[in-house]
Amino acid sequence: MNYECGARLQAGSSGSSSLTRDALNITEVKFRLAGIYYKKGNIKAVIDMCRQIIEVDTNHQEALKMLSQAEQDQPEDTDT
């Protein structure tokens with residue numbers, strides 16, 4: 001998947017009308033930050049950020065997709 005910075009600039013585009021405007025703005029900022037982390041290869045930060053988004057908006061489809069992709073891309077733990 002290719003996540004482009006600034007691809008989602010419209011606040012409230014996640015489609016959840018039950019969230020406050022501030023919560024929507026925070027989730028959008030966090031989603032954009034997750035996209036930056038993804039581009040930089042910081043998969044752990046992507047997963048953490050997406051989980052934070054989903055805690056606020058369980059229906060944030062793009063964060064759910066990004067989380068799924070990041071979990072697939074995450075390197076296996078080789079600490080054994």
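Take helix 2 first: its 14 residues should span 20 Å at 1.5 Å a residue, and its end C-alpha atoms are 20 Å apart, so the two agree. The expected span here is 1.5 Å times one less than the number of residues. Helices (H or I, at least four residues) and strands (E, at least two) are DSSP runs, numbered from the N terminus.

This is a predicted model, so local features need pLDDT of at least 70 and side-chain atom pairs count only at pLDDT 80 or more, while totals for chains, interfaces and linings use all residues. Residues are numbered from 1 along each chain as its sequence is written, and side-chain values use heavy atoms, with hydrogens and water left out.

On confidence, pLDDT is the predictor's score for each residue, from 0 to 100. The mean for the protein is 81, with 71% of its residues at 70 or more. Residues 5-16 stay under 50, and the model has 22 contacts beyond four places in sequence for them; a contact means heavy atoms within 4.5 Å. Where pLDDT is low, the predicted coordinates should not be read in detail.

The fold itself reads α-α-α along the sequence, with three helices and zero strands. Of the 80 residues, 35% count as buried, where buried means under 20% relative accessible area, exposed over 50% and partly exposed in between (1.4 Å probe, protein chains only). Among contacts between residues at least 6 apart in sequence, 53% join residues at least 24 apart.

An α-helix has 3.6 residues a turn, so residues three or four places apart point the same way.

Back in helix 2, the buried set is Ile-43, Ala-45, Val-46, Ile-47, Met-49, Cys-50, Ile-53 and Ile-54. Their cover includes helix 1 and helix 3.

A nonpolar core is a set of buried Ala, Val, Leu, Ile, Met, Phe, Trp, Tyr and Cys residues joined through side-chain atoms within 4.5 Å. The largest one has 14 residues, and Tyr-38, Val-46, Cys-50, Met-66 and Ala-70 have the most contacts inside it. Helix 1 (21-40), helix 2 and helix 3 each supply at least two residues, with the largest share, seven residues, coming from helix 2.

As for charges, a salt bridge is a side-chain nitrogen of Lys or Arg within 4 Å of a carboxyl oxygen of Asp or Glu. That rule gives one salt bridge: Glu-71 with Arg-51, closest N and O atoms 3.2 Å apart. It ties helix 3 (residues 61-73, Glu-71) to helix 2 (residues 43-56, Arg-51), the two residues being 20 apart in the chain.

| Residue | Relative accessibility | Class |
|---|---|---|
| Glu-71 | 38% | partly exposed |
| Arg-51 | 44% | partly exposed |
| Asp-57 | 2% | buried |

Asp-57 sits in the loop between helix 2 and helix 3. Its C-alpha is 7.7 Å from that of Thr-27, although Asp-57 and Thr-27 are 30 residues apart in sequence.
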